[in-house]
Amino acid sequence: MVAAGTTTPGNETAEGIGDPTAPVRRGLRDLLDFLPPEIQTAVTVLVVIVLGWYGSKLVVRLAGRTVARRLQRPSVTRTVLRAIRMTVLVFAGFVVIGLLGLQPGDIFLSVTVFSAVLGIILAPVAGSIINGLFVLADQPYEIGDMIEIVDTGQRGFVEDITIRYTKIFTLDNTFIVIPNSSIRERDVVNYSAEDERTRLSLELLVTYEGDLAKARRIMERAAREVDDVISGGPDIRIGSARYVAGPTAYIDEYGDHGVLLTLRYWVKQPYKMMVVRSAVNERVWSALEAADDVEVAYPHQHLVFDETSGTAAVALQDRDSGPPGGRSGPGPATETSNDDPGAGSPTESNTGPDGTT
């Protein structure tokens, strides 16, 4: 009979068969052989935890550049490096478990039971992890991209992508952490997917009486004078389509109250869209206000009366008198109508039988 942990000629060491952590534990016990067994175990556990923690960081640092060069995607690179570090920590955890005298079979059984009990609680986390893998595979956005959550209208830069959540640094200097299971079900606009240049538009209604061509030139020149607007150059290509790089004003629609012009222009950086939009609107307004033969239209109505319009009663009133009804002042003047045969003119006088008026 061979005792555990002993070696006999022609026989392998019984301790640690199938256990990759056994050599590490034996080496630590040899170094701490001069201490009592209880202190040896405590010191060994502490040393393994410290070595595992800092060793995982060292492995990530050494492998970081190689992984980054091969994968060329920051999100996937970070996920792989996190997996490498977690592997080192798990290995250190198994060493600690072996030092505490626990058997791998007992650990597996306890983990299985524990996972079954907490399966319902951990289901959302598992869902986020699965969706995180889809996010990494589908590449809807990448670290550093500027995105917008459509239903909330919040814009920001993707700070980090893990297999559980996406962290967004908003333009309001705040962080948003969204589980991947939630963000995959929401509409996300990526302003940095291929090109940071973003197109904006301005709709303006001008009168029919004004100079339409001059209005278009004024709008284009006003937008071109803003610093962060692309003033010209080669056409911007998006997919198979090409768009004029400089500001361009188009005749969009002939409306009821005027001609609708649409000015389209490109912004260099997406995070300056609101500032640039405000500057363009201000320049266009100032330029049109200074023009003589261009006028911004507004809704108005003309009232036309003819023989089919019927009649309207009109009351004349002194400028200094009060409102009609006679609350104060002499009240309204006498209303007459030429259509009434019984009404007398304002200059008529009635004479009595005795000749008095």
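This briefing covers salt bridges in the structure above. The model is predicted: local features need pLDDT of at least 70, side-chain atom pairs count only at pLDDT 80 or more, and totals for chains, interfaces and linings use all residues. Residues are numbered from 1 along each chain as its sequence is written, and side-chain values use heavy atoms, with hydrogens and water left out.

A search of the whole structure finds five salt bridges (a side-chain nitrogen of Lys or Arg within 4 Å of a carboxyl oxygen of Asp or Glu). Helices (H or I, at least four residues) and strands (E, at least two) are DSSP runs, numbered from the N terminus. Buried means under 20% relative accessible area, exposed over 50%, and partly exposed in between (1.4 Å probe, protein chains only).

**Asp151 and Arg186**
- Asp151 and Arg186 form a salt bridge with an N to O distance of 3.2 Å.
- The pair ties together parts that are 35 residues apart in sequence, because Asp151 lies in the loop between β1 and β2 and Arg186 in the loop between α6 and β5.
- Asp151 is exposed at 54%, and Arg186 is partly exposed at 24%.

**Arg283 and Glu225**
- Arg283 and Glu225 form a salt bridge at 3.2 Å, N to O.
- Arg283 lies in helix α8 (residues 273–290) and Glu225 in the loop between α7 and β7, so the pair connects parts 58 residues apart in sequence.
- Arg283 is partly exposed at 36%, and Glu225 is partly exposed at 43%.

**Lys272 and Asp228**
- In the salt bridge of Lys272 with Asp228, the closest N and O atoms are 3.9 Å apart.
- Lys272 is in the loop between β10 and α8, and Asp228 is in the loop between α7 and β7, 44 residues apart.
- Lys272 is partly exposed at 30%, and Asp228 is partly exposed at 22%.
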